[in-house]
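Subject: Handover of a structure

Dear colleague,

Please find the structure below, followed by an account of what was found in it.

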Amino acid sequence: PSAIYLADYREPTHWIDETHLDVVIFPDQTRVTARLKITPNAARAVSELVLDGEGLQTQAIYWNDARLTQDDFDECDGKLRLKQINESGWLTTEVIICPESNTALEGLYRSRTMYCTQCEAEGFRKITWYLDRPDVMSVFTTRLEADQSLCPVLLSNGNLVASGSLPNGRHFATWHDPHKKPSYLFALVAGQLSCVKDQFVTASNRSVAIEVYVEPKDLDKCSHAIDSLKRAMRWDEQNYGREYDLDIYMIVAVDDFNMGAMENKGLNIFNTSCVLASAATTTDIGFQRVEAVVAHEYFHNWSGNRVTCRDWFQLSLKEGFTVYRDAEFSADMNSSTVKRIEDVNLLRTAQFAEDAGPLAHPVRPASFIEISNFYTLTVYEKGAELVRMLATLLGPEYFRKGTDLYFERHDGEAVTCDDFVASMEAVSSRDLSQFKRWYSQAGTPELIVSSQYSEAYKTFRLTIEQRCPPTPEAAEKAPFHIPIRVSLLGAAGALPLKLANQAVGDLPEDNTEMILELTKSEQTFEFAGVHERPVPSLLRGFSAPVNLRYAYSETELITLLMQDTDLFNRWSASQELGVLAVSNAIKAGTCELSGDWVNALQANLQRDDLDPAVMAYMLQIPSVNYLHDRFPETDILTLHQTRQDLVRRLALSLADALREKVLAYDMRQPYEVSAAAVAVRSLSNTALLLLAEAKDPLALRESITRFKHANNMTDQLAGLRAIARCQSDNVVKEHLAAFYSQWKDEALVVNQWLSLQATRDEADTLVAVQSLTSHPCFSWNNPNKVRALAGAFANQNPGQFHRDDGAGYEWLANVVLKLNQANPQLAARLVTPLTQWRKHGQRGQLMFSQLQRIQGATLSKDVFEVVNKALT
Ligand code: B3K
Ligand code: ZN
């Protein structure tokens, strides 16, 4: 396999103005006839037309209705070449495909009782010959035909324009999508599905039909998705001035799906895990994920569909922006601090690791072998941070003007990240050329901050240096443009800020917070009129995706934890205190907890003005992965054990206050997903789990009660998790069995059951996980199941995955080899933890040899790229 490069981008040689598909479904044999209106692109003046296709059995090809012979075209290596296409005309191709044997879940495939598609990024070429690239936009008309009883429901993008019965128990439906779109946004669904209907009235008073298609057994799990969709539709009108543009919005739930969901125009296809929700079967986190993903796919209608990507290197143009949009939506619907904490946690534990490893790539990569490998935390989450920084630098008013201009300028076009930034520049008259380095330079910058207070001059200086470690694409980095939100805390709260060179007239009304713009490798910012030595509150709200290093004393961190006016930074201080405790424990060899820290947490637990959900996060010691980033020299198992020890000691020290939180919770209240209700459950269940770690008698009792008498999945699963941490092996097994027999018919709950077993830190966990692969509930063809078991084991069970004998690595490699050809996308994702081998010293050699073993097999492009990059 070879790489393709951004620098080689050329416009397409031809356009496809219209696409007429006829898809005729028979078991094991689907016939696709595509009639394409082709026009040469005058800007290119190339007459050879080269179409993409994969695994197609070509039956016939016609140019303007004349059948072509073998001499007129050349079909080889996934390309169909037609020599002399110098004028507009109609190209018709007929192919046969077999969705039933498609286990890669890309293109047209079968999942349980339905046929469905996944075309992003390059799946459309598995359905028919096409110019399968996002800058070729076409108007689609799709006719579907199938057996009436096997596939009563026939859906595609846009509006239904015709339907009817045919002889032999067959029927058809024809859909027309008036909006031009690239092939990756095409979708079709055919199967036995039930539908929940609703409607939404847009700001300009148009009525939009909402239809959610699921298997009949799931009809009672659709209302949360529908409510979320309506909230997202309203929110986008109010916050971005964006209205929906078709008369119907459909969502289909599919159980076999590689990703969370897909934003196909007017016909979103969702992993069941991101659309179905009910109190009995779905946790609070699950409910919030449904809300976020439904909104994310909806927001793509503008950021992605109406304005799409010129090429796949620009993926973050739609993904980074849409993640930013869905994060702001979730922040508005729930607690904004909690949402920020969750996102920053993910960024710091997983994206930073990606950015520091062998697969590090810029938000806009310059090359790739397989684009599916670039649906990464860097493109999505770091990409969203770039948009957030632009919003911070411009301020809300100019940012909104910028997005308005972007949508207006580029509606109906396929554009680049530069175009996005250009709109921001145009409305704000700011020069963002240095900012654009964020798109092309990989790696997480480190900010080394020091301070100096002058009692005599009443000045406070912050000296900030930025460094960025080398990454595969470049050893040397030019300085980034970094917005750093700061306040200075004095004894009575945040101090008014005035930079030494700032005129008094320039000061805003609320001047206790300021955005410093770092553009050089090192810069000093001097504040004047600072009458007491302050504690700096830096990078508030995590204003840039960087590693902040400032030598805070424990006392200063406690001041921040207790008093910072930015709630996010109070949490951030709690994490830094955790890091400090780990650091002390590593140095001393024992974990003595600092009394001041414990007292501060205790005091916070007693405050009733603090969001309980934020409090729950303040009680969490940073994840092992994050700690490994901070202590790269320390072995991962040592870190894991140190962390576990700290957790136990923290629980023992806070036991009284934690018990109060467990007991104060009334689990008979009717279930509600409001932010307030979620917060109370979150704190109570966190307290229960902590007490379980310390084997507290209350946890022994309450874990069972919560499991048995819960009226919702959040509490029941919390009970089961606590049981797994504090009860005897027999009791644990008994409750796991009870849980399975209660929920064996609910696939999504069974996934939770698998994950819980995969993340148990017990010597026999790996054996248990291996035998679960033969359990009747498990299937290698279902990505949710594989992720619930193998993904959870490799990513969330440091104690067992990193076993000294390397058996954890060996098993993961077996899983990767098993899925390598069957589902390359899934296999390439699962291999990720092994790619971090360099961070693991001696232990890393065991990971390395498993990667080599994988490399020895005949690899799919996806796995090939990841493994080869990891080994070089
Ligand atoms: N755009 C899809 C991702 C599809 C990835 C295919 N390999 C989901 C999303 O980001 O909304
Ligand atoms: Zn997306």
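Is Leu-105 buried or exposed, and how many other C-beta atoms lie within 10 Å? Leu-105 is buried, because 24 other C-beta atoms lie within 10 Å; a residue counts as buried with 20 or more other C-beta atoms within 10 Å of its own, as exposed with 12 or fewer, and as partly exposed in between, the C-beta atoms being placed from the backbone.

Before the other findings, some conventions. This is a predicted model, in which local features need pLDDT of at least 70 and side-chain atom pairs count only at pLDDT 80 or more, while totals for chains, interfaces and linings use all residues. Residues are numbered from 1 along each chain as its sequence is written, and chains are lettered from A and ligands numbered from 1 in the order in which they are written.

Backbone features

Leu-105 belongs to the loop between β9 (89-97) and β10 (107-111); helices (H or I, at least four residues) and strands (E, at least two) are DSSP runs, numbered from the N terminus. Its phi is near 60°, a positive value in a residue other than glycine. Lys-458, also not a glycine, has a positive phi of about 55°. Lys-458 sits in the loop between β25 and β26 (459-467), and it counts as partly exposed because it has 13 C-beta neighbours inside 10 Å.

A cis peptide bond, with omega near 0°, leads from Glu-120 to Ala-121. Ala-121 is part of the loop between β11 (114-118) and β12 (137-147). Both Glu-120 and Ala-121 are among the residues around ligand 1, which also include Met-259, Glu-263, His-296, His-300, Glu-319 and Tyr-375; a residue belongs here if its C-beta atom, placed from the backbone, lies within 6 Å of the ligand. Two or more residues of this shell come from each of β20 (261-262) and α2 (284-299). By class, the shell has five nonpolar, three polar and four charged residues. In this scheme Ala, Val, Leu, Ile, Met, Phe, Trp, Tyr, Cys and Pro are nonpolar, Asp, Glu, Lys and Arg are charged, and the others, Gly among them, are polar.

Sheets

An open sheet of four strands runs in the order β30-β26-β25-β32, with mixed pairing; strands pair if DSSP finds at least two bridges between them. β30 (522-527) and β32 (547-550) are at the edges, each with a single partner strand, so one side of each has no neighbour in the sheet. Strand β25 (residues 446-454) pairs with β32 in the parallel sense over four bridges, and Val-449 has Tyr-550 in β32 as its bridge partner.

Another open sheet has three strands in the order β4-β8-β7, and its pairing is antiparallel. Its edge strands are β4 (49-52) and β7 (73-76), each pairing on one side only. Between β7 and strand β8 (residues 79-82) there are four bridges in the antiparallel sense, and the partner of Glu-75 in β8 is Leu-80.

Leu-834

Leu-834 lies in the loop between α24 (824-830) and α25 (841-855). Leu-834 is buried, because 24 other C-beta atoms are within 10 Å. Leaving aside neighbours within four places in sequence, its contacts are Tyr-809, Leu-812, Met-847, Gln-850 and Leu-851, where contact is defined as C-beta atoms, placed from the backbone, within 7 Å.

Yours sincerely

Terms used. Two residues are in contact if their C-beta atoms, placed from the backbone, lie within 7 Å.
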